[in-house]
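Here is a short report on a protein model. Keep the sequence and the structure in view while reading.

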Amino acid sequence: MGILVTNWLARTPRLRALVSSPNRVPSFLRTVTNMSTIPGGARLLQAIEAPLTRSATFLVLAVKPGQDSLDTIRSTLSGVEGLAKNVAIRDLSNSFNCTIGIGSNIWDDLTKLTRPPELHPLPILKGSVHATVSTPGDLLFHIRSNRRDICFEFERQLLGQLGPSVSVIDSTIGFRYFDARDLLGFVDGTANPVGADALDAAVITADTTTPTNNGGSYVVVQKYLHNLSTWSALKTEDQESIIGRTKLDNVELDDAPEGQQRSHKTLTTIEDEASGGEYSIVRDNMPFGSPAAGEYGTYFIGYSKKLWVVERMLENMFVGDPPGKHDRILDFSTAVTGTTFFVPSAEVLAGLGEEVC
Ligand code: HEM
């Protein structure tokens, strides 16, 4: 990977400038640039190209009121790299990454920094049949590893440090399902940008008004529950036209003509009319659930340097494009959470411990 990284950085001056200072690299990208490793090469923080970890924990927390809580959280976040080292070193051959997001309601009090311009709670997007939900969340920890026990141990130590300063809103354990399939049976993540394109889609690099935003990213999470019995009753061809890809071999299908019912793939493709290009986001969806409890889900997570791109995708899905022709994936999948965070650069995170209260 080192060679690949060198090559694309050489072609990308803006990103080269960003990563020339390791601390300006957002925590979730640092392993991509090989700048944050411990002896043996184990990775400490979250990498953007890590959709192939076998396990993940999506931990959403609420911050308890009071100055003591803020102090504890600042000190924990600024030292989180040390915590990651504690856990990662226990298996040098394993990958380990953690991305930390800060929610809209706590941003000002926790960071005392200028707000990222687009940071706001997830809006409720209401179509004629389906609507997003906007649920609370002050802190997001997207913990990824190939080993379930490593994710578990990091979460345990992290919550131990945070103590009574937080309460858990949701902790969802995601697992990789066969060849990166969701529980609807389709390969999920194929169209993700990779390498320089992933960085370009997800990382803010040129905010001259608020330089502390540089190296950061917006992230949206949504927890979906599937009705697998109604989905399974559909013919495979009908499922394929809903997703926009074939099920077995994952081949992309043609877009429906203008005005017709569109597939999920088409509704989530956002074009830039001026350039004819597309706005991408970086996803790392994961299945979760329990057959015993009859729970089958997809945890959606999407990173973007432009929050409006994710919101436009959601609008197309829930309201429809054209309006009324919503994403039919929603007839079989219900969003039960929806929260937006800003993932600051590692430099901002490390600096939180120095904030004057
Ligand atoms: C129930 C939840 C969801 C499931 C099961 C799901 C599944 C899939 C699958 C199977 C694909 C095709 C393969 C691929 O390119 O990854 C796909 C594509 C995609 N999805 Fe989703 N998805 C879900 C929710 C979302 C949400 C909420 C968004 C955005 C807000 C989103 C954005 C995208 C994008 C951008 C693509 C790629 C489109 C392209 O081909 O350019 N997905 N999804």
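## Overall make-up

Buried residues account for 45% of the protein's 357 residues. The model is predicted. Its secondary structure consists of twelve helices and twelve strands. Among contacts with a separation of 6 or more, 74% join residues 24 or more positions apart.

## Helix α4

Helix α4 spans residues 80-88, and its buried residues are Val80, Ala84, Val87 and Ala88. They cover an arc of only 95° around the axis, so they sit on the same side of α4. Residues three or four places apart point the same way because an α-helix has 3.6 residues a turn.

Gly82 and Asn86 are exposed on the other side of α4. The cover over the buried residues of α4 includes α3 (67-78), β2 (96-103), α6 (148-162) and α12 (346-351).

## Helix α7

In α7 (residues 195-202), the buried residues are Ala198, Leu199, Ala201 and Ala202. Viewed down the axis, the buried residues of α7 fall within an arc of 165°, so they line one face of the helix.

## Backbone exceptions

Most residues other than glycine have a negative phi, and most peptide bonds are trans. Lys112 is not a glycine, yet has a positive phi of about 55°. Lys112 lies in the loop between α5 (104-111) and β3 (139-145). Lys112 is partly exposed, with 13 other C-beta atoms within 10 Å.

Phe178, also not a glycine, has a positive phi of about 50°. Its loop runs between β4 (166-175) and α7. Phe178 is exposed: 8 other C-beta atoms lie within 10 Å.

The peptide bond from Asp321 to Pro322 is cis, with omega near 0°. Pro322 is in the loop between α11 (307-318) and β11 (333-335).

Note on methods:
Residues are numbered from 1 along each chain as its sequence is written. This is a predicted model: local features need pLDDT of at least 70, side-chain atom pairs count only at pLDDT 80 or more; totals for chains, interfaces and linings use all residues. A residue is buried if 20 or more other C-beta atoms lie within 10 Å of its own, exposed if 12 or fewer, and partly exposed in between; C-beta atoms are placed from the backbone. Helices (H or I, at least four residues) and strands (E, at least two) are DSSP runs, numbered from the N terminus. The arc is that of the directions from the helix axis to the C-beta atoms. Two residues are in contact if their C-beta atoms, placed from the backbone, lie within 7 Å.
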